[in-house]
Amino acid sequence: MYCRDCGEKLALRFLENEGLVPYCPKCEKFKFPFFPVAVSMAVTNRAEEKILLAKHTGDDDFKLFAGYIKKGESAEKTIPRELKEETGLPAVKWRYIGSRFHDAKNILMLAFLVTTEESAITPGEEIAEARWCTPAEAREIIRKNSTAEYFLNLAIAEMGRKK
Ligand SMILES: [Zn+2]
């Protein structure tokens, strides 16, 4: 790990209430890590009985929809933008269901249960197939031991729980 400002090698130094934090001996400053943030979307119909899963081009299994939050953008802007890009469907409303740090990609994922109209899908370029599933079917075809599976289970627990 190197300093993003001066290129010096970073050391870990103890900081009260934070634990070990990367420290640059040249800048004499703590350098908290930067990482991107993305939204994960469990897309459901108004009755909250079905989930829309996506198979991406070149992938074998199904995932939830997801997209990076652009710099300067709020998560509330990302959700309708990404859903429109990937499916052509409108995001009618959404609620937060949980988060997880995805180590392999160094991303913080924020997960939402997103309600849409159950109408014809216009798949975006990255989507090979989108399929409406019952919760049982979704559990069957989602990639196992994935962050998507973790969020799918949170979404299924949340579905039908009217606010
Ligand atoms: Zn530095």
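Colleague: What makes the site of the zinc ion tetrahedral?

Modeller: The angles among its 4 donor atoms run from 102 to 114°. Four donors count as tetrahedral if all angles lie between 85 and 135 degrees. The angles fall inside that range, so the site is tetrahedral. Bear in mind that this is a predicted model.

Colleague: Which protein atoms are the donors of the zinc ion, and how do you know that they qualify?

Modeller: They are the SG atoms of C3, C6, C24 and C27. Their distances to the zinc ion are 2.2 to 2.4 Å. C3 and C27 link distant parts of the chain, 24 residues apart. C3 sits in the segment before β1 (11–15), and C27 in the loop between β2 (19–24) and β3 (29–30).

Colleague: Is C3 buried or exposed, and what is C27 called?

Modeller: C3 has 6% relative accessibility. Buried means under 20%, so C3 is buried. C27 has 27%. That value lies between the 20% and 50% limits, so C27 is partly exposed.

Colleague: Why is L12 called exposed?

Modeller: The relative accessible area of L12 is 54%. Exposed means over 50%, so L12 qualifies. L12 belongs to strand β1. L12 is also part of a nonpolar surface patch with M1, F14 and L20. Together these residues have about 500 Å² of accessible area.

Colleague: What makes the contact of E48 with R95 a salt bridge?

Modeller: Their closest N and O atoms are 3.0 Å apart. The limit is within 4 Å, so the pair counts as a salt bridge. E48, R95, E158 and R161 are linked in a salt-bridge network. In total the structure holds 13 salt bridges.

Colleague: How do you know that E48 and R95 are buried?

Modeller: E48 has a relative accessible area of 5%, and R95 has 16%. Each value is under 20%, so E48 is buried and R95 is buried.

Colleague: What are D59 and K63 called, buried or partly exposed?

Modeller: D59 stands at 22% and K63 at 23%. Under 20% would be buried, and over 50% exposed. So D59 is partly exposed, and K63 is partly exposed. The two form a salt bridge, with closest N and O atoms 3.1 Å apart.

Colleague: Why is R81 called buried, and how does E82 come out?

Modeller: R81 has a relative accessible area of 19%. That is under 20%, so R81 counts as buried. E82 has 8%, so E82 is buried. R81 and E82 form a salt bridge, their closest N and O atoms being 3.1 Å apart.

Colleague: Which residues of the largest nonpolar core touch the most other members?

Modeller: I51, L53, L64, L113, A138, I142 and L152, out of 20 residues. β4 (37–44), β5 (51–56), β8 (107–116) and α3 (147–158) each give two or more residues to this core. α3 gives the most, with 5 residues.

Colleague: How many helices and strands are there in the protein chain?

Modeller: The chain has 3 helices and 9 strands. From the N terminus they run β-β-β-β-β-β-α-β-β-β-α-α. Buried residues make up 39% of its 163 residues.

Technical notes
Residues numbered from 1 in each chain as written. Predicted model: local features only at pLDDT ≥ 70, side-chain atom pairs only at ≥ 80, totals over all residues. Heavy atoms only, no water. Donors = N, O, S within 2.8 Å, 3.2 Å for Na, K, Ca; no water. Tetrahedral: all angles 85-135°; square planar, octahedral: opposite > 155°, others 65-115°. Helix = DSSP H or I, 4+ residues; strand = E, 2+ residues; numbered from the N terminus. Buried < 20%, exposed > 50% of the residue type's maximum accessible area, 1.4 Å probe, protein only. Patch = residues over 30% accessible without salt bridge, like charges linked within 9 Å, V, L, I, M, F, W, Y side chains within 5 Å. Areas by Shrake-Rupley, 256 points an atom, 1.4 Å probe, with all protein chains shown as cover. Salt bridge = Lys/Arg side-chain N within 4 Å of Asp/Glu carboxyl O. Core = buried A, V, L, I, M, F, W, Y, C linked by side-chain atoms within 4.5 Å.
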